[in-house]
Amino acid sequence: PPGDYNGIYIEENEEAGIKIYPNPTKGKLYYNFEKNQTNTHISLVDISGKEIAIKIDYQNQSIEIPEFVNNGMYILSFMSNNKLVSKLIVLERWTK
């Protein structure tokens, strides 16, 4: 079914008010809030729970995942106004 990644099921919640694209990504993501959000904390963690340092450009609403991060599944979280929204992100860079 849609949202099933190797046994990890993430339900896409359109009510969340955020769009992330492209997904799968090669390392650069864009996000759009349906409503204006202020003081949003964005974080990326791997499936073991380890946080990964990312570059966030709040003005252009973009996120860059560093080159050293391996292909795989990650959880991108947005915390704003005590509301947490998490999305499953698939990183698929070209193989070297």
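Tutor: pLDDT is the predictor's confidence in each residue, on a scale from 0 to 100. This structure is a predicted model, in which local features need pLDDT of at least 70 and side-chain atom pairs count only at pLDDT 80 or more, while totals for chains, interfaces and linings use all residues. Residues are numbered from 1 along each chain as its sequence is written, and side-chain values use heavy atoms, with hydrogens and water left out.

Student: Where in the protein is confidence lowest, and where is it highest?

Tutor: Strand β1 (residues 4-5) has the lowest confidence, with a mean of 49, and strand β8 (residues 62-64) has the highest, at 97. The average for the protein is a pLDDT of 84, and 80% of the residues score at least 70. Where pLDDT is low, the predicted coordinates should not be read in detail.

Student: What makes a stretch of residues count as a strand?

Tutor: Strands are DSSP runs of E with at least two residues, helices are runs of H or I with at least four, and both are numbered from the N terminus. By this rule the protein has 0 helices and 10 strands.

Student: Why is Lys 35 called exposed?

Tutor: Exposed means over 50% relative accessible area, buried means under 20%, and partly exposed lies in between (1.4 Å probe, protein chains only). Lys 35 has a relative accessible area of 65%, and is therefore exposed. Lys 35 is found in the loop between β4 and β5. Its C-alpha atom is separated by 7.0 Å from that of Gly 17, 18 residues apart along the chain.

Student: How do you know that β3 and β4 pair?

Tutor: Two strands pair if DSSP finds at least two bridges between them. β3 and β4 have 4 bridges in the antiparallel sense, so they meet that definition. Tyr 21 stands opposite Tyr 30 in β4. The two strands form a hairpin with 6 residues between them, and Gly 27 in the turn has a positive phi of about 140°.

Student: What makes a set of residues a nonpolar core?

Tutor: Such a core consists of buried Ala, Val, Leu, Ile, Met, Phe, Trp, Tyr and Cys residues joined through side-chain atoms within 4.5 Å. The largest one here has 17 residues, and those with the most contacts inside it are Ile 20, Ile 63, Leu 76 and Phe 78. Elements giving two or more residues to this core include β3 (18-21) and β9 (72-80).

Student: Which residues form the covered face of β3?

Tutor: Ile 18 and Ile 20 form the covered face, whereas Lys 19 and Tyr 21 form the uncovered one.
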